Amino acid sequence: MKILVCVKQVPDTSGRLAVNPDGTLNRALMQTIINPDDMNAVEAALKLKDELGCRVSVVTMGPPPAEGMLRELMAMGADDAYLVSGREFGGSDTYATSQIIAAALDTIGLDEDDIVFCGRQAIDGDTAQVGPQIAEKLHLPQVTYAADIKKEGNTITVKRILEDGYMTIKVKTPCLVTCIKELNTPRYMTVSGVFETYAKPMTVLDYNALKDNPLIDKSTIGLNGSPTNILTSFTPPQKEPGKMLEGSDMKTCEQLAGILAEKHII
Ligand SMILES: Cc1cc2nc3c(=O)[nH]c(=O)nc-3n(C[C@H](O)[C@H](O)[C@H](O)COP(=O)(O)OP(=O)(O)OC[C@H]3O[C@@H](n4cnc5c(N)ncnc54)[C@H](O)[C@@H]3O)c2cc1C
């Protein structure tokens with residue numbers, strides 16, 4: 001049994017936003033972090049590894065520096081990593097991204113009791129489309145918003161968190177699950193993990209490695225294979241700081257009522 005976890009390196013939104021003239025993000029100029037939901041997906045996989053002794057592989061599509069993120073995840077406990085990287089993949093929207101990642105997972109191979117984990121959503125693109133699209137393209141059953149996962153034989157039972165309650169679903173493997181932060185608290189890297197990470201295997205899957213997969217076609221990947229285009233990107237203006245009124249006397253109450261009335265709140 002193996003678990004393939006799709007992880008994305010995302011711009012650190014607490015830092016500077018750099019935008020290319022065509023509206024795409026200039027990721028090379030921005031600080032990066034591991035997408036938060038993906039950390040929960042990795043932790044879920046490592047927990048199942050602790051319990052069942054399976055193999056955990058981390059997979060990302062991104063530029064060569066994404067190797068650093070994969071090494072960090074192997075220092076946390078993942079066994080190996082796949083870096084899907086090539087100029088032909090640049091400019092991909094979610095449709096093309098999921099096409100390329102699906103081809104990579106298909107090339108790596110999915111056996112009967114394997115699971116694919118994704119985060120629910122990436123904090124930059126924020127669409128939550130990539131996981132479900134990968135499942136569709138690989139004809140895998142999928143469960144989204146996982147807040148608890150249990151595996152028995154070739155089925156997993158997943159508790160989903162919805163806006164108004166929970167839903168429990170039993171699904172056969174191989175399948176794809178998208179994970180949310182309520183699932184767990186990600187572990188830290190260990191000192192021994194940091195020492196071992198550079199000895200663990202890292203496979204680069206470039207265009208040549210994937211081009212014979214039926215999902216890969218120049219018309220389904222990269223900018224040309226992307227049905228959507230970014231019109232513009234910008235940093236939203238900062239909100240004005242809040243106003244504090246101190247005191248509990250009538251004058252302060254009248255001042256507060258005046259401000260609320262001016263804003264048509266009362
Ligand atoms: C119109 C458009 C044009 C774009 N053009 C560019 C561009 O030119 N250059 C560019 O770098 N980006 C571009 N992007 C962004 C890029 O397509 C998205 O970052 C990517 O498709 C993932 O979408 P998302 O961030 O919404 O992920 P979501 O769907 O929110 O992510 C859900 C989960 O899918 C998995 N996942 C998502 N992306 C990856 C990945 N790359 N590797 C591994 N797992 C992943 C993770 O598990 C993640 O938690 C574009 C996006 C759009 C909408």
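Biologist: What does Ser-85 count as, buried or exposed?
Modeller: Ser-85 counts as buried, since its relative accessibility is 12%. Buried means under 20% relative accessible area, exposed means over 50%, and partly exposed covers the range in between, with a 1.4 Å probe and protein chains only.

Biologist: Before we go on, what sort of model is this?
Modeller: The model is predicted: local features need pLDDT of at least 70 and side-chain atom pairs count only at pLDDT 80 or more, while totals for chains, interfaces and linings use all residues. Residues are numbered from 1 along each chain as its sequence is written, and side-chain values use heavy atoms, with hydrogens and water left out.

Biologist: Back to Ser-85, then. Where is Ser-85 found?
Modeller: Ser-85 sits in the loop between strand 5 (80–84) and helix 3. Helices (H or I, at least four residues) and strands (E, at least two) are DSSP runs, numbered from the N terminus.

Biologist: And what does the side chain of Ser-85 reach?
Modeller: The side chain of Ser-85 reaches the backbone oxygen of Gly-62 at 2.7 Å. A polar contact is a pair of N or O atoms within 3.5 Å; within protein, one must be able to donate a hydrogen and the other to accept it, and residues adjacent in sequence count only if both atoms are side-chain atoms.

Biologist: Which residues does Ser-85 touch, not counting those up to four places away in sequence?
Modeller: Ser-85 touches Gly-62, Pro-63, Pro-64, Leu-205, Asp-206 and Tyr-207. Contact here means heavy atoms within 4.5 Å.

Biologist: On to the ligand. Which residues come nearest?
Modeller: Lys-8, Asp-38, Ser-92, Ala-122 and Thr-127 come nearest, out of 32 residues around the ligand. A residue is near a molecule or strand if one of its heavy atoms lies within 4 Å of it.

Biologist: How does the shell around the ligand divide by residue type?
Modeller: The shell holds ten nonpolar, 15 polar and seven charged residues. Ala, Val, Leu, Ile, Met, Phe, Trp, Tyr, Cys and Pro count as nonpolar, Asp, Glu, Lys and Arg as charged, and the others, Gly among them, as polar. At least two residues of the shell come from each of strand 4 (55–61), helix 3 (94–108), strand 6 (115–119) and helix 4 (130–137).

Biologist: What else does Asp-124 contact, leaving aside neighbours within four places in sequence?
Modeller: Asp-124, in the loop between strand 6 and helix 4, is in contact with Lys-8, Val-10, Pro-11 and Arg-27. With Lys-8, the side chains make a polar contact at 2.8 Å.

Biologist: How many residues of helix 2 are buried?
Modeller: Seven of the ten residues in helix 2 (residues 67–76) are buried, so the helix is mostly covered; among them are Met-69, Leu-70 and Leu-73. Just after helix 2, Gly-77 has a positive phi of about 140 degrees.

Biologist: Finally, what does the chain look like overall?
Modeller: The chain has seven helices and eleven strands. Its C-alpha trace spans about 75 × 45 × 40 Å along the principal axes, and 43% of its 266 residues are buried.
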